[in-house]
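Welcome! Take a moment to look over the sequence and the model below, and then let us walk through them together.

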Amino acid sequence: MTDREIDYSDIPPLDKEFFTKATVAWPPMKQQLTIRLDADVLAWLKANGRGYQTRINRILRAAMEGQPPTRSRSAGGPRKR
């Protein structure tokens, strides 16, 4: 399929108002915290050089995105005890 063959008729055009309200949401804001890791896990992360904290973040993001979406606790429903 070529670009000319794509049907855009169901997509409204973006006007100036859209771009004045648009914001950049990526990357998400980072939050500083303290984390305790097993010594061998930390050694493995640091073995590849600088950027081990970024690697931790990427590993956790991949795990998070690989999970099905969960409902927030404020959404109601029974709580597990």
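## A cis bond in a loop

Pro27 sits in the loop between helix 1 and helix 2 (39-46). The peptide bond that joins Trp26 to Pro27 is cis, with omega at about 0°. As background, most peptide bonds are trans.

Before going on, a word about where all this comes from. This is a predicted model, in which local features need pLDDT of at least 70 and side-chain atom pairs count only at pLDDT 80 or more, while totals for chains, interfaces and linings use all residues. Residues are numbered from 1 along each chain as its sequence is written, and side-chain values use heavy atoms, leaving out hydrogens and water.

## The overall layout

How many helices and strands does the protein chain have? There are three helices and zero strands, and reading along the sequence gives the pattern α-α-α. Here helices (H or I, at least four residues) and strands (E, at least two) are DSSP runs, numbered from the N terminus.

Of the 81 residues in the protein chain, 4% count as buried. Buried means under 20% relative accessible area, exposed means over 50%, and partly exposed lies in between (1.4 Å probe, protein chains only). The protein chain exposes about 8,900 Å², with carbon and sulfur atoms supplying 55% of it. Such accessible areas come from the Shrake-Rupley method with a 1.4 Å probe; for residues, only the protein chains shown count as cover.

## Before helix 1

Met1 belongs to the segment before helix 1 (16-21), and Met1 counts as exposed because its relative accessibility is 83%. Together with Ile6, Tyr8 and Ile11, Met1 makes a nonpolar surface patch of about 480 Å². Patches are made of residues with over 30% relative accessible area and no salt bridge: like charges are joined within 9 Å, and nonpolar side chains (Val, Leu, Ile, Met, Phe, Trp, Tyr) within 5 Å.

Asp7 is also found in the segment before helix 1. With a relative accessible area of 56%, Asp7 is exposed. Its side chain makes a polar contact with the side chain of Ser9 at 2.7 Å. A polar contact is a pair of N or O atoms within 3.5 Å; within protein, one must be able to donate a hydrogen and the other to accept it, and residues adjacent in sequence count only if both atoms are side-chain atoms.

## Two salt bridges

Side chains of opposite charge can pair when their charged atoms come close. A salt bridge is a side-chain nitrogen of Lys or Arg within 4 Å of a carboxyl oxygen of Asp or Glu, and by this rule the count is two.

One joins Lys21 and Glu17, whose closest N and O atoms are 2.9 Å apart. Both residues lie in helix 1, four residues apart, about one turn of the helix. Lys21 is exposed at 60% relative accessibility, whereas Glu17 is partly exposed at 45%. Another joins Glu65 and Arg61 (3.2 Å, N to O). Glu65 and Arg61 are separated by about one helical turn because they are four residues apart in helix 3. Glu65 is exposed at 54% relative accessibility, and Arg61 is partly exposed at 25%.

## The largest pocket

Which residues lie nearest the centre of the largest pocket? They are Gln31, Leu33, Gln53, Ile56 and Asn57, out of 17 lining residues. Helix 3 (residues 52-65) gives the most to this lining, with seven residues.

The largest pocket has a volume of about 640 Å³. On a 1 Å grid over the protein atoms alone, a pocket is an open set of points where a 1.4 Å probe fits, with protein on both sides within 12 Å along at least five of seven lines; lining residues have an atom within 4 Å of a point. Grid points are joined across faces, edges and corners, and a volume is the space filled by probe spheres set on the points.
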